[in-house]
Amino acid sequence: MTQLKDEGGSPWLGDVRVRPYGITDGPRLRRMSGRLSTHSLYSRFFAGTPHIPDTYVRHLDRLDHWDREALVALVDDDIVGIAEYVRAPADPHRAELAVLVTDPWQRHGVGRLLVGCLALTAARRGITAFDAGVLPGNRPALSAIRTAWPLVRPWHEDGSAHFRLPLGAPA
């Protein structure tokens with residue numbers, strides 16, 4: 001278990017456990033929707049949706065835990081964050097990264113914890129870089145990328161910023 005800190009550096013009340021997404025996590029993931037704003041959902045799925053899409057839950061139920069992996073952050077029995085990668089078919093050394101953290105747990109280190117754990121897992125599986133697409137208005141995600149990968153610069157395409165995040169050199 002990991003003790004996270006609040007924005008002021010004080011220990012956050014509660015322990016966060018990180019583990020791979022499992023086949024029994026679908027109901028927990030659906031419940032997570034109740035703690036996500038429309039802005040958070042739009043920032044993650046790049047579309048207006050009132051809840052986590054069922055197609056996304058079905059996608060996660062078919063993870064192979066090698067080319068497609070997801071880790072969840074749990075507090076008690078609730079998912080407070082999820083990070084996943086999908087290996088690029090054209091280049092097996094790269095994978096697309098996506099992260100979603102419930103609104104009450106944003107800016108408390110959950111995303112950073114999940115990405116760090118996922119990066120270690122991915123590197124052991126031969127992935128050397130994550131690719132990430134971020135909407136321009138998603139300031140927390142842009143800030144997190146700038147903090148962890150200060151030398152990485154985005155390119156812009158289809159209305160979003162795209163990053164190549166090397167796994168061997170995050171700051």
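Reply: Happy to! This is a predicted model. Let's start with helix 4, whose buried residues are Val-110, Gly-111, Leu-113, Leu-114, Val-115, Leu-118, Ala-119, Thr-121 and Ala-122.

Me: Why would residues three or four places apart in a helix point the same way?
Reply: An α-helix has 3.6 residues a turn, so residues three or four places apart point the same way.

Me: Which residue follows helix 4?
Reply: That is Gly-126, and its phi is positive, near 90 degrees.

Me: What does Ala-122 touch, not counting residues up to four places away in sequence?
Reply: Its partners are Tyr-85, Ile-127, Phe-130 and Leu-167. Tyr-85 is 37 residues from Ala-122 along the chain, yet their C-alpha atoms are separated by 8.1 Å.

Me: Okay, zooming out. How many helices and strands are there in the chain?
Reply: There are five helices and eight strands. In sequence order they run β-β-α-α-α-β-β-β-α-β-α-β-β. The radius of gyration is 15 Å, close to the 16 Å that the globule rule gives for 171 residues, so the chain is as compact as a globular protein of that length.

Me: What box do the C-alpha atoms fill?
Reply: Along the principal axes, the box is roughly 40 × 35 × 35 Å.

Me: What share of the 171 residues is buried?
Reply: Buried residues account for 44% of them.

Me: And which share of the contacts with a separation of 6 or more comes from residues 24 or more positions apart?
Reply: That share is 60%.

Me: How many positive and negative side chains does the chain have?
Reply: It has 21 positive and 19 negative ones, and the centres of the two sets lie 2 Å apart.

Me: Changing topic: what is the phi of Asp-76?
Reply: It is positive, about 55 degrees, although Asp-76 is not a glycine. You'll find Asp-76 in the loop between strand 3 (68–75) and strand 4 (78–88). With a relative accessible area of 64%, Asp-76 is exposed.

Me: What about Arg-107, where is its place?
Reply: Arg-107 is in the loop between strand 5 (91–101) and helix 4. Its phi is near 65 degrees, again a positive value in a residue other than glycine. At 52% relative accessibility, Arg-107 counts as exposed, since the cut-off for that is over 50%.

Me: One last stop: where does Ser-43 lie?
Reply: Ser-43 belongs to helix 2, which covers residues 38–45.

Me: Buried or exposed, that Ser-43?
Reply: Ser-43 counts as buried, because its relative accessibility is 11% and buried means under 20%. Leaving aside its neighbours within four places in sequence, Ser-43 is in contact with Leu-135 and Asn-138.

Me: Great, thanks for the tour!

Notes: Residues numbered from 1 in each chain as written. Predicted model: local features only at pLDDT ≥ 70, side-chain atom pairs only at ≥ 80, totals over all residues. Heavy atoms only, no water. Helix = DSSP H or I, 4+ residues; strand = E, 2+ residues; numbered from the N terminus. Rg over C-alpha atoms; globule rule 2.2 N^0.38 Å. Buried < 20%, exposed > 50% of the residue type's maximum accessible area, 1.4 Å probe, protein only. Contact = heavy atoms within 4.5 Å. Lys, Arg positive; Asp, Glu negative; His and termini not counted. Charge placed at Lys NZ, Arg CZ, Asp CG, Glu CD.
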